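I opened my notebook to keep a record of what I looked up.

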Amino acid sequence: MYTPTLEKKTRAYAARKRRRGLYAALTGMVFVVFVGGGIVAARHPSARLSEITISGLEAVSEQSVRDAVARELAGSYAFVIPRGSFFLARPRALAAMLEREIPRIKTASAVKEFPDALRISVVERALWGIACGGASSEFGVRSSEQEQIILDPFRSRSSEASSQLPTPSCAYID
């Protein structure tokens with residue numbers, strides 16, 4: 001049996017369904033435009049970090065810090081967005097990486113400055129000496145102030161003894 005009320009409900013339902021589809025399509029297009037615009041903005045050459053300034057270095061070479069920063073900023077996210085983009089560079093992660101990879105750095109801080117600058121401030125460790133140990137009976141401390149090797153008390157402090165030290169792995173003492 002045909003009723004005009006049922007026909008109105010069916011037409012209203014079909015109209016609502018078309019509007020939902022239209023809204024979903026518009027929302028999807030807006031999303032694609034924003035994501036695409038973000039990718040284009042991040043890939044633009046003027047959005048790359050090009051001016052890197054490093055301050056506070058005394059014993060650590062500036063080139064070693066620049067190399068470590070360049071390794072961290074090299075590559076891209078998902079093969080699309082460069083890691084060296086101003087918008088995606090992570091200053092805290094850069095500072096933590098410098099403290100981890102370069103043992104002479106006690107603390108580091110990095111700050112982004114719009115549009116393309118990265119300022120890195122470094123505090124180096126106040127080095128007391130370098131401890132070097134070879135075999136279990138050979139241990140020495142190379143003092144940075146005195147420039148001599150202080151061996152354990154049972155060995156002589158002659159230059160012959162210091163020349164007999166192997167080239168062991170060393171650790172910084174601060």
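**Entry 1: an exposed loop**

I began with Phe79, which is exposed, with a relative accessible area of 81%. I noted that the model is a predicted one. Where does Phe79 sit? I found Phe79 in the loop between β2 and β3. I then looked up its backbone. Phe79 is not a glycine, yet its phi is positive, at about 60°.

I went to Ala78 next. Ala78 also has its place in the loop between β2 and β3. Its phi is positive too, at about 55°, although Ala78 is not a glycine. Is Ala78 buried or exposed? I read a relative accessible area of 64% for Ala78. The cut-off for exposed is over 50%, so Ala78 counts as exposed.

**Entry 2: Gly75**

I moved to Gly75. This glycine lies in the loop between α2 (62-73) and β2 (76-77). Its relative accessible area is 52%, so I logged Gly75 as exposed. Which residues does Gly75 touch, leaving out those up to four places away in sequence? I found Pro82 and Arg83.

**Entry 3: the whole protein**

I stepped back to see the whole. How many helices and strands does the protein have? I wrote down four helices and nine strands. Along the sequence, I read the pattern as α-β-α-β-β-α-β-β-β-β-β-α-β.

Then I looked up burial. The protein has 174 residues, and buried residues make up 24% of them. Its accessible surface comes to about 12200 Å². Carbon and sulfur atoms hold 59% of that surface.

**Entry 4: salt bridges**

How many salt bridges does the structure hold? I noted five. I looked up several of them.

Arg71 pairs with Glu101, and their closest N and O atoms are 3.0 Å apart. Arg71 lies in helix α2 and Glu101 in helix α3 (residues 91-101), so this pair ties together parts that are 30 residues apart in sequence. I checked the exposure of both partners. Arg71 is exposed, at 53% relative accessible area. Glu101 is partly exposed, at 41% relative accessibility.

Arg83 came up again here. I had already listed Arg83 as touching Gly75. Arg83 also forms a salt bridge with Glu72, with the closest N and O atoms 3.6 Å apart. Which parts does this pair tie together? Arg83 lies in the loop between β3 (81-82) and α3, and Glu72 lies in helix α2, so the pair links parts that are eleven residues apart in sequence. I read 25% relative accessibility for Arg83, so this residue counts as partly exposed.

I then turned to Arg119 and Glu113. Their side chains meet in a salt bridge at 3.1 Å, N to O. Arg119 is partly exposed, with a relative accessible area of 27%. Glu113 is partly exposed as well, at 33%. I found that Glu51, Glu113 and Arg119 are linked in a network of salt bridges.

**Entry 5: a cis peptide bond**

Which residues does a cis peptide bond join? I found Phe114 and Pro115, with omega at about 10°. I located Pro115 in the loop between β4 (105-113) and β5 (117-124).

**Entry 6: surface patches**

Arg16, Lys17, Arg18, Arg19 and Arg20 form a positive one. I picked Arg19 to look at. Its place is in helix α1 (residues 4-43). Arg19 has a relative accessible area of 43%, so I logged it as partly exposed.

Which residues make the nonpolar patch of about 430 Å²? I listed Leu22, Tyr23, Leu26 and Met29. I looked up Leu26, and its place is in helix α1. Is Leu26 buried or partly exposed? I read a relative accessible area of 42% for Leu26. Buried means under 20%, so Leu26 is not buried but partly exposed.

Methods
Residues numbered from 1 in each chain as written. Predicted model: local features only at pLDDT ≥ 70, side-chain atom pairs only at ≥ 80, totals over all residues. Heavy atoms only, no water. Helix = DSSP H or I, 4+ residues; strand = E, 2+ residues; numbered from the N terminus. Buried < 20%, exposed > 50% of the residue type's maximum accessible area, 1.4 Å probe, protein only. Contact = heavy atoms within 4.5 Å. Patch = residues over 30% accessible without salt bridge, like charges linked within 9 Å, V, L, I, M, F, W, Y side chains within 5 Å. Areas by Shrake-Rupley, 256 points an atom, 1.4 Å probe, with all protein chains shown as cover. Salt bridge = Lys/Arg side-chain N within 4 Å of Asp/Glu carboxyl O. Lys, Arg positive; Asp, Glu negative; His and termini not counted. Charge placed at Lys NZ, Arg CZ, Asp CG, Glu CD.
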